[in-house]
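Hi,

Here is the model I promised to pass on.

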Amino acid sequence: MKSKIYILIGPPGAGKGTQAKNIASNKDFVLISTGDLLRDNVGRKTELGVIAKSYMDKGELVPTELVTKMIKANIKQNIGKNGFLFDGFPRDLSQNSLLDEMLKEFDLEVDRIIYIDVKNETIYERLTNRRICPKCKDVYHMKYNPPKKDELCDNCGEQLITRDDDKLDVIKKRLDVYHNSTQPLVDYFEKMGKITKINGEKAPKEVEAEIISNI
Ligand code: ADP
Ligand code: ADP
Ligand code: ZN
């Protein structure tokens, strides 16, 4: 059977990362999160990581050819699996064309795009209080989803960190990039009738149930 392809899209802080892990495991999909993959490279100081960091710290998009190369390697490794869930990719119209091309090579196509919608105020409140686990990638919020013990990961015990790009000026820049580059892609998906809009303001469990019922 053909692998299913789903894309999670939405502004920074919409809750994509929070939802992605659970949905992928619920549906037995391979999760491909470009943000996590890039941060991993930054942490390991790979050639890609060193270049990527200079863009990520400013809130700019990492050059498309680098990101697509990384994605392609990941698809190749997992070909034949039940499905793929993309989080953070594609980010603009050109990345979307490249994704379509890549999928075509494997005789695959995108089934549906899940768009998580939240208000601007929500974005700032969520990102300024976000913590992540550098090891297992769990996502926390110091008010809405705090870790049980100090600032340690519930799942693996690692010390949680604040992302380098969750600073007010960088958040602003990321939102600009979202409006200029990603919003046109959302509009395009909408025109194609391939998008399902989810209200991301609800509690995480409710958001999750709504997404799962749409896959
Ligand atoms: P958020 O979930 O807060 O929107 P991500 O973790 O998806 O953030 O992305 C963090 C940063 O990683 C982005 O600001 C960008 O620099 C880089 N990045 C992630 N995905 C892509 C992509 N598909 N293309 C280019 N850059 C990307
Ligand atoms: P994204 O990947 O879209 O940038 P995250 O999943 O990292 O977003 O979530 C951003 C922040 O908001 C995190 O601190 C997370 O714990 C919190 N969060 C995610 N979903 C919700 C929700 N439905 N209600 C309240 N807080 C949430
Ligand atoms: Zn962890």
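**Ligand 2 and its surroundings**

A side-chain N or O atom of R126 sits 3.3 Å from a nitrogen atom of ligand 2. (A polar contact here is a pair of N or O atoms within 3.5 Å.) On its own ligand 2 has 560 Å² of accessible area, and the protein covers 92% of that (Shrake-Rupley method, 1.4 Å probe).

Before you read on: this is a predicted model, where local features need pLDDT of at least 70 and side-chain atom pairs count only at pLDDT 80 or more, while totals for chains, interfaces and linings use all residues. Residues are numbered from 1 along each chain as its sequence is written, chains are lettered from A and ligands numbered from 1 in the order in which they are written, and side-chain values use heavy atoms, leaving out hydrogens and water.

Back to ligand 2: it has 18 residues around it, and the closest are G13, K16, T18, R130 and Y140 (near means a heavy atom within 4 Å). Both α1 and β6 (139-141) supply at least two residues each to that shell (helices are DSSP runs of H or I, at least four residues, and strands are runs of E, at least two, numbered from the N terminus).

**The zinc site**

What holds the zinc ion (ligand 3)? The SG atoms of C133, C136, C153 and C156 coordinate the zinc ion at 2.3 Å (donors are N, O and S atoms within 2.8 Å of the metal, or 3.2 Å for Na, K and Ca). The donor residues follow a C-x2-C-x16-C-x2-C spacing. The 4 donor atoms around the zinc ion subtend angles of 101 to 120 degrees, so the arrangement is tetrahedral (all angles between 85 and 135 degrees). C133 is buried at 0% relative accessible area, and C136 is buried at 17% (buried is under 20%, exposed over 50%, partly exposed in between, with a 1.4 Å probe and protein chains only).

**Aromatics**

There are 4 aromatic pairs in the structure (Phe, Tyr or Trp rings, the six-membered one for Trp, with centres within 6.5 Å; stacked under 30 degrees between planes, edge-to-face over 60, tilted for the rest). Y6 and F29 are stacked, 5.8 Å centre to centre with 15 degrees between the planes. That pair links distant parts of the chain, 23 residues apart: Y6 lies in strand β1 (residues 4-9), F29 in the loop between α1 (16-27) and β2 (30-33).

Cheers

Terms used:
Tetrahedral: all angles 85-135°; square planar, octahedral: opposite > 155°, others 65-115°. Polar contact = N/O pair within 3.5 Å; in protein donor to acceptor, adjacent residues only side chain to side chain.
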